[in-house]
Amino acid sequence: HISKLPQVETSIFSVMSALAHTHGAINLSQGFPNFKSDQKLIDLVSQAMNSGFNQYAPMAGNLELREAISKKFELLYNTSYNPETEITVTAGATQAIYTIISAFIHAGDEVLIFKPAYDCYEPAITINGGKPVAIQLVTPGYSINWDEVKHQISDKTKMIIINTPHNPSGTVLTKGDMLKLQALTEGTNILVLSDEVYEHMIFDGLKHQSVCLFSGLKQRSFIVASFGKTFHNTGWKMGYCCAPKQLMEEFQKVHQFNVFSVNSAMQKGLADYLKEPNYYLQLADFYQEKRDYFLNLIADSNFRFKPAQGTYFQVLGYAEITNEHDVDFAKKLTVENGLASIPLSVFNLENKDDKVLRFCFAKTDETLKKAADILNKL
Ligand code: PMP
Ligand code: GLN
């Protein structure tokens with residue numbers, strides 16, 4: 001067979017965004033803000049270009065930026081990653097995830113993932129000869145059944161991928177979850193890939209449980225983060241990865257040959273921007289307000305929901321409206337009603353259809369109001 005990924009189709013994000021575009025629908029499908037990032041950050045990136053940051057950055061990334069990232073870990077999590085040896089700036093979280101998997105997964109290695117899962121994990125495992133072992137999250141609530149995880153861990157388990165706050169469900173892992181993961185991996189060689197791209201979008205006073213807060217986990221984990229999510233510029237494709245030195249060395253062996261280094265001016269602009277820290281801390285309130293604004297508008301609709309605990313996504317159950325399959329309903333909603341969303345079954349084990357759609361609320365109030373008006377009519 002010529003294809004290395006015969007089952008893989010065009011990503012649902014491309015499909016739904018294109019459908020929204022064709023039909024002029026409001027696009028709450030693919031996750032991205034429809035407002036601008038801070039003008040100050042844009043100015044700093046322009047300044048960086050004008051002052052000569054236009055050639056290759058160092059392989060691991062602009063050192064000032066790595067120092068700023070390191071400071072963030074001290075400030076928010078009271079832990080340290082050495083900017084010289086334990087941090088790499090990447091072309092978004094996606095490249096970090098692919099690089100981690102290709103650096104460590106040998107043919108036949110098993111990687112545990114939780115479904116619904118963000119769509120880039122599985123193909124990266126498969127193309128590197130690994131075997132994704134999928135565990136369905138328990139609904140409602142999308143929680144992890146740790147007995148099932150224990151049952152699925154074998155001699156072949158090389159890595160476990162977690163994602164908190166969780167795309168698409170908006171749930172967050174608790175301290176109890178992290179302690180269970182720590183206990184299950186203790187004394188093993190299992191690596192943890194912790195996708196924390198929504199770490200700063202966490203609501204109602206909940207606390208982000210980063211793997212770096214648990215010493216037993218930190219030593220075996222990669223943290224993956226995305227500036228695109230945090231600073232409202234997903235199209236810049238800037239992110240980073242942190243891990244203990246010995247793991248980061250292996251990561252960089254791959255990174256230096258699949259990208260070498262990433263956008264120099266943007267790294268310098270971000271480094272300057274982060275000299276005044278705490279931009280991160282405003283993000284939770286900002287998105288909690290958006291979530292509440294949207295949910296208040298649809299409080300009397302026929303959709304059922306539990307407010308998202310984190311991310312900029314809200315899942316809405318539509319079982320009281322129709323029995324249609326979620327992919328069909330999402331397409332119909334886009335074409336006939338002018339509102340695009342993401343059907344959850346595409347991320348589930350065996351396309352399990354819970355009659356749930358995901359809506360991105362990283363949008364202006366005006367857009368959210370228009371979307372709510374459509375939802376209220378259903
Ligand atoms: N992981 C998750 C859970 C995501 O939602 C996203 C963005 N959709 C990514 C990784 C990729 O982030 P980036 O755009 O920085 O590559
Ligand atoms: N992370 C975005 C989402 O979940 C999509 C990113 C992409 O289009 N690959 O909607």
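**Ligand shells, domains and selected elements of a predicted model**

The model is a predicted one, in which local features need pLDDT of at least 70, side-chain atom pairs count only at pLDDT 80 or more, and totals for chains, interfaces and linings use all residues. Residues are numbered from 1 along each chain as its sequence is written, while chains are lettered from A and ligands numbered from 1 in the order in which they are written.

Turning to ligand 1, its shell holds 14 residues, and the closest are Gly92, Ala93, Thr94, Asn167 and Ser226. Three nonpolar, nine polar and two charged residues make up this shell. Helix H4 (residues 92-104) is the element that gives the most to it, with three residues; helices (H or I, at least four residues) and strands (E, at least two) are DSSP runs, numbered from the N terminus.

As for the overall build, the protein contains 14 helices and twelve strands. Its C-alpha atoms fill a box of roughly 55 × 55 × 45 Å along the principal axes. Of the 378 residues, 47% count as buried, that is, 20 or more other C-beta atoms lie within 10 Å of their own, with C-beta atoms placed from the backbone.

The protein is divided into domain 1 (12-36 + 279-376) and domain 2 (39-273), with bounds that come from an automatic or database domain assignment. Taken over C-alpha atoms, the domain centres are 25 Å apart. The contact between the domains takes 27 residues from domain 1 and 27 residues from domain 2, two residues being in contact if their C-beta atoms, placed from the backbone, lie within 7 Å. On the side of domain 1 that touches domain 2, helix H12 (279-297) and strand S9 (313-317) are the elements that give two or more residues. Of these, H12 gives the most, with six residues. This side of domain 1 has 16 nonpolar, six polar and five charged residues.

Strand S9 also belongs to an open sheet of three strands in the order S9-S12-S11, with antiparallel pairing; strands pair if DSSP finds at least two bridges between them. The edge strands, S9 and S11 (342-343), each pair on one side only. Five bridges join S9 to S12 (residues 356-360), and Phe313 has Cys360 as its bridge partner in S12.

Parallel pairing is found between S3 and S4 (residues 131-136), over six bridges, with Val111 partnered by Pro132 in S4. Five of the six residues of S3 (residues 110-115) are buried, so this strand is largely enclosed by the rest of the structure. Helix H11 (residues 264-273) is likewise mostly covered, with eight of its ten residues buried, including Met266, Leu270 and Tyr273. Among the elements that cover the buried residues of H11 are helix H2 (39-50), helix H3 (63-77), strand S2 (87-90) and helix H9 (227-230).

Key: Near = placed C-beta within 6 Å. Nonpolar A, V, L, I, M, F, W, Y, C, P; charged D, E, K, R; others polar. Buried ≥ 20, exposed ≤ 12 C-beta atoms within 10 Å, placed from the backbone.
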